[in-house]
Amino acid sequence: MFLKIILMSLISLNMGEDMSVKQYTLNNGLKLIVKEVKDITAVYIIAGFKVGMYCYEPRDKVNISHYVEHMLFKGTEKRKVGEIAKEIERMGGYLNGFTADWGTAYLMQVPFDKVEYALEINADAVMHSTFPENEVIKEKEVILHELKGWLDDPYSFLFHRLLELVFEVHNYGIPHESLLISHNNLTREDLVKWYRKYYKPNNMVLVVVGNVNSDNIYRKVKELYKDFRPSKIDWYRCSQEPPQKEVRVKVYKGDINKVYVGIAFRGVKEGHPDVYGLRLIANILGGGHSSRLDMKIVENKKLASNIFAMMYPQLDDGTLLIGFETEEDKVKEAIEEVLREIKNLKENGVTQDELKLSKKMFKVNYILSNERISNQGIKILKGTIMFDDPEFYDKYVKKIEEVSLSEIRKIANEYLISSNLSMVVYYPKNAQKILQEKDLKRIIGEVF
Amino acid sequence: MLWRLVFMSILSFQPNVRKIILKNGLKILLYERTSYPTVYIGVFAYGGSFYETEENNGITFLTLRVMTKATKNADYKQISKKLDKLGGNFSYSSESYYVSLHMNVLSEDLEEAIELLSDIIKNPTFPEDEIKKEKEKQISDIKSMIDNPYEMMFLNLAKAIYGNWGYGLSDYGKIENIKKFTRSDLVNWHKKIFCAKNMLIVIVGDFDGKSLVSLLKKKFEDIPSGDVLKPVKFSQNSFPREVVIERNYNQTYLGLGFRVMDLNSSDYLPFMIFSKAVSGMGRRFFVELRDKKHLAYAVWNLYRANPLAGYFGVYIATFPEKEKEAVEGILEILKNLKENGLTQKEFEDAKTQYEGEIKTFLVNNRNFGITFALGELYGFGWDWKFKMIDKVRELKLEDVNSVLKKYLKVDDYKLGIVRGKSR
């Protein structure tokens, strides 16, 4: 049946600058958000679905969202494998897809005079992917390369092993080996079922940012998606992680030259009232050129290099991550000093100057990131899918501005505690002086 | 056709780039864009591995590291704090043919940013304690690079093609070199690189041009003129066919390639179009090796060129047991290209792609700035990308295919490999 698509709502949003943002909801539920940016020659198109890796997947189906994402550009009723990419690249554009925990997205950046053509290709992939059996089998192998490659890079290794330690129940912590098994067991039938269930207009957000006319885009999208039928969606959500009770430590060895250390404090999910304070704490600890860890551990004591701290809030949960590289004979001292710095921040708080500086950095980076239409598109998509609020990330700056010194102290004392701490140390395989897990737990107990 | 008209047809507007040359010979490019209250500042200079020998490889990057740590007016703590007050968007790199320092700031902070950059460039003090510290960090970075399979594959391939010259040298240098550099080595190297005639400044964004020019004169006109740095000459030696390291990795990271023309060659343009015709997710290497043979997740082309050298290659990360199949797969495609050339469709698509890419790339201050700066550094002018449009439009398929016959050395290829362990 022909769906009569009508404009359900037209909301003008004020997202700063003099650029107009319009949100449309088609009557099949598809949300279209268009931001006009006039003095550039490109357009960024990103289509997202509210279903992603880990959070929405049963344990034995983890990676299915990612697998479906790989298959979406693998051919439609009209276009054979490789043709979608070919058509976009011919324009001078590029395309890609990504799977996050909050959603799955398909993006294109194309010349502004090719936007309608690109929207057609995007719509074809979204609505008419055919999942050819032989392509499904081949892509399984391709994804296996990708997943196995995760453990070859030391930082990627550290990150994945750290999340395995922090999340014992939630799929965020699925052991890499189990992830490979889950992936291997997925069938074409699983993928098609997933695609048919979740790839619906009422579960989709389409964002267009660039040199376009909003109303023309709306008319084109309305036409393209007129036959896309909605249906009721019941999302599966995986088990949530209970509170951590004690410190967790794991030591690994690998074919590397240096020692890589990762520390995670269990934090909060995106949008939680404490996330803003935790972001500032992470930045003050290890987010800038003058951060505490940089000054103390790298510059003054020369115990480590490439140190960083960042808040990593996800859909269901979050972690404050700290990472650094060091030498075998400096591991103990480096860990001790990093923990002392964290303890110091917890006990004595931060200064007004540090807080002000950190807020300014956040604000500047927010404004600078908006120079890229891709960043604007992703922020609008993520805010809409996660919180039904395209302006969610525009409001972030204000929320950051509102964090006070006393809140920082309160938040630090609530989250930067040893029972919230997990640590992974990744040694070269021929290391002689390896700190064992019991040693590391003792050090943490003594210092922290 | 006048390139300006082409420019208008491509971008729908013509960037009003002002080129200023200060009395000391320093070139400055200014381009005002008012969409965002932000500004990109780039300082570029000839330097990097093409200007280094095997014996002093790494000196450019170490000089950059130390000069950004202490000046006559500020120590590292003060510099770090100033950078963070500007938002923390400061970086520097050594890119074989040139070095660059980049800053992205709010328009309201532009003056402060220029003050700081000029201080770093003109007044570094190279204190011994900072040199010691930065040497340790650079050695640490060399070790990190060795732990990164992709970077090592890349370097191994370049070494197999160029030996210990230019692309074959790492930007970080060798550990033994880093240990032996003295303060005076760094001071002298800084003088050579950061003199007016060897430098270029580009500023793109929302600023007031008039007051900016007087500020730039005030801050940069007293830099000594110096001279343009001369690159090290290439001396042909016999290099190994392959450079391999073995690791306990899940995958093998492999690059297959060969030397091609530099940017000054008349063959460059047809080869660049060829490279576009086979690069991307919808093109031969990706489709054949990933989509059809499912040999890898990551497959892409490597093509680097500057006015001194160039090389082309194909990168693939595959399972160790499939290494032979991957090499054969790449060679099969290359042989076919050499014998039969591109198809008319591939060729036309690549030409269209070239123009489209200009539109999709020039979308922020930094991308504009880097494009303009590279044109100047390469000696073609800031508008080089646009000037090439006409020439690309005039290209014929035969031009491209004859160049492929000359450069695709399928019997004399080089390999750079980080070999994983079969399971």
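These are my notebook entries on chain B, its two domains and its contact with chain A.

I noted at the outset that this is a predicted model, in which local features need pLDDT of at least 70 and side-chain atom pairs count only at pLDDT 80 or more, while totals for chains, interfaces and linings use all residues. Residues are numbered from 1 along each chain as its sequence is written, and chains are lettered from A and ligands numbered from 1 in the order in which they are written.

**Domains of chain B**

I looked up the division of chain B and found domain 1 (15-220) and domain 2 (242-419), with bounds that come from an automatic or database domain assignment. The C-alpha centres of these two domains of chain B lie 28 Å apart. Their contact takes 33 residues from domain 1 of chain B and 34 residues from domain 2 of chain B, where two residues are in contact if their C-beta atoms, placed from the backbone, lie within 7 Å.

I then asked which element gives the most to the domain 1 side, and it is α6(B), with 12 residues; helices (H or I, at least four residues) and strands (E, at least two) are DSSP runs, numbered from the N terminus.

**Contact with chain A**

I recorded that 60 residues of chain B are in contact with 55 residues of chain A. Among the elements of chain B that give two or more residues to this side are α3 (76-85), α5 (128-146) and β9 (296-305), while α13(B) gives the most, with 9 residues.
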